Amino acid sequence: MELMDFVKAFVVGGLICVVGQILIDKTSLTPARILTGYVVTGVILGAVGLYPMLVDFAGAGATVPLTGFGNSLAAGVREAVAKFGWLGVFTGGLSACAAGIAAAILFSLLAALFSGPKDK
Amino acid sequence: MNLTQNDYEKLVKQASPNSKILKNCLGAFLVGGAICTLGQGLITWYYSLGMDKTAAGALTSITLIALAILLTAFHVFDKIAKFAGAGTLVPITGFANSMASPAMEFKAEGFILGVGAKMFSIAGPVIVYGTVASMIYGVILLLLGGM
Amino acid sequence: MAVRKGNHTILFERPITLAAAAAAVGKKEGEGPLHDYFDRIHTDTTLHEKSFERAEAALQKEAFTVLMTKAGIAPSDVSFLFAGDLLNQCISSTFGLQDFSVPLFGIYGACSTFSEGLLLAAMALEGGCGERAVVVTSSHFCTAERQFRFPLEYGGLRTPTSQWTATAAGAVLLGQSGTGPRLTAATPGIVTDYGVKDANNMGAAMAPAAAVTIGNFFRDTGRCPEDYDLIATGDLGLVGSELLITLLKKDAIDISRQHNDCGLMLYDVKGQGTTCGGSGCGCSASVFSAYLYDQLKKGRMHKLLLVSTGALLSPTSTMQGENIPCIAHLVEITAGKEGA
């Protein structure tokens, strides 16, 4: 049973990345635009309830790609609005993703402290 | 030269090699899939340590971000990305790399306007438009709830 | 006095001599096919400086210093410098050359800067404004990446048409007297824009500019490609070179047998992973100053055209979705006895 979870995470996560790869190769969209598109798509699919179904099915295969980041933003807002009303509009999204963003900020700062760019 | 821009565009298309899309997609699928499987392994492990869903999910993200930034700092991330393409870009690892790489790069411009400001030069739009999209969703929820 | 020929071309009557040349390059360039021709190869491309910008300035400084040694003259013997690079406000040139107290003209023509400098130096000498002039240009992979593309450690993808900015500096000493290959003619370029917007396909953007300048030169002078041992463009890469030959064939000029590109000469393109070949102000500068100059000097080549091509974009114009205007400057170099 657990093995199937891993297979599902691999296949779904891999396929979400393949979509990104096709966008890179077949359109002139820059990576920054594609990633922004992924997050916004995640918010929308999370809002209409489709993405949570994918998360139930594929686990980390759906939460690890950036669409999962968007889905967490949507889920955060949903819960916070239910709890705090209008305040939740402002607090919900970023609180739900705070751990990831704060970790990325701290570790990036550390990386800059202890390492620098290298010629290729 | 008697050549219109359209004619030239056709010539350029002919002369420019296409991306090796099959090979790129295979790389993206394998590496992207592997990163997600690693995420699945982490979350399963954190559950087994007795964490609840929120904590395990958050710690999984933190772990993957830490790994990606560690690989960036050791100059390995971009080498994997060369093969993986969207496979490392689309998962949360790509987000982490997009913050760590400018932070390291602009160290030469100092820690305030270099590292601090440039850290978000690539990841910024992801946060801005993700947050705003979620806020729009929140307003819609309020309006629906108020009816 | 120089003579204007046709609409664009200048024929130099005084012998403008290329008295010496020097090139300093980075690790990747040093591992390439021209390994034996460079004066200095740096395996550490930071050159022990605290920033890559300073490293590029140091590379220019070194190219100039080596040039002085090879020519056996002092900086005070130089009437003026024409120098340029890819960075905003040409900082590599000013920072690298400020210690020498030689009058300096900072010039910008993107990757065409080197032949632009040769052309301007020849005009200044021909006009009798000085005895000797030096042209130095440079580029550095790491400074160009951070200014025009992404951070070095960013895991983005290089598209198959992209080119590799050379870490290199080249310097040439021009004089009114002395022996050595001579700069005998030049055709300054005009800004050419065929609507290419893709900053990752510079070769395609620049090919029409090269075709226009080469076409103008042959029309103005009545010469033909067969008169030359080599027509070297810099730096069209694989895609741009193919386009250039196609474009010129439409004008009934076939340069396919004489043409080579500095971006393709500098690297083993397939083996060194430089995608479509080299680019940058240092590319044609180092290929000419090291390899081509040597071939002319040894009599293995007698007459060549150097056509450096530049993509005149900026990070701002790219972000604002503008086309890439391009330019190509041509110089004719003749070695040995009086040529045709």
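Predicted model: local features only at pLDDT ≥ 70, side-chain atom pairs only at ≥ 80, totals over all residues.
Q: Why are H1(B) and H7(C) called oblique to each other?
A: The axes of helix H1 (residues 5-15) of chain B and H7(C) make an angle of about 135 degrees. Angles over 145 count as roughly antiparallel, and 65 to 115 as roughly perpendicular; the rest, apart from those under 35 degrees, are oblique. The two helices H1(B) and H7(C) are therefore oblique. Their axes lie 9 Å apart, and H1(B) passes H7(C) in a right-handed crossing.

Q: Which residues meet where H1(B) and H7(C) pack?
A: From H1(B) come Leu11(B), Val12(B) and Ala15(B), and these meet Val239(C), Glu242(C), Leu243(C) and Thr246(C) of H7(C). By class, this contact has 5 nonpolar, 1 polar and 1 charged residues.

Q: What makes up the side of chain C that touches chain B?
A: On this side, 27 residues of chain C are in contact with 28 residues of chain B. The elements giving two or more residues are helix H6 (202-221) and helix H7 (237-250) of chain C. H7(C) gives the most, with 6 residues. The residues of this side of chain C divide into 14 nonpolar, 8 polar and 5 charged.

Q: Why does the radius of gyration of chain C agree with that of a compact globule?
A: For 340 residues, the globule rule gives a value near 20 Å; chain C has 18 Å, and so agrees. The C-alpha atoms of chain C fill a box of roughly 55 × 50 × 35 Å along the principal axes.

Q: How does the radius of gyration of chain B stand against that of a compact globule?
A: A compact globule of 147 residues would have a value near 15 Å, but chain B has 21 Å. The C-alpha trace of chain B spans about 70 × 50 × 40 Å along its principal axes.

Q: What share of the residues in chain C is buried?
A: A residue is buried if 20 or more other C-beta atoms lie within 10 Å of its own. In chain C, 60% of the 340 residues are buried. For chain B, 48% of the 147 residues count as buried.

Q: What secondary structure does chain B have?
A: Chain B comes to 8 helices and 0 strands, and its pattern along the sequence is α-α-α-α-α-α-α-α. Chain C has 10 helices and 14 strands.

Definitions and conventions: Residues numbered from 1 in each chain as written. Chains lettered and ligands numbered in written order. Contact = placed C-beta atoms within 7 Å. Helix = DSSP H or I, 4+ residues; strand = E, 2+ residues; numbered from the N terminus. Nonpolar A, V, L, I, M, F, W, Y, C, P; charged D, E, K, R; others polar. Rg over C-alpha atoms; globule rule 2.2 N^0.38 Å. Buried ≥ 20, exposed ≤ 12 C-beta atoms within 10 Å, placed from the backbone. Axes fitted to C-alpha atoms, helices over the stretch in contact; angles between N-to-C directions. Left-handed = near helix turned anticlockwise from the far one by under 90°.
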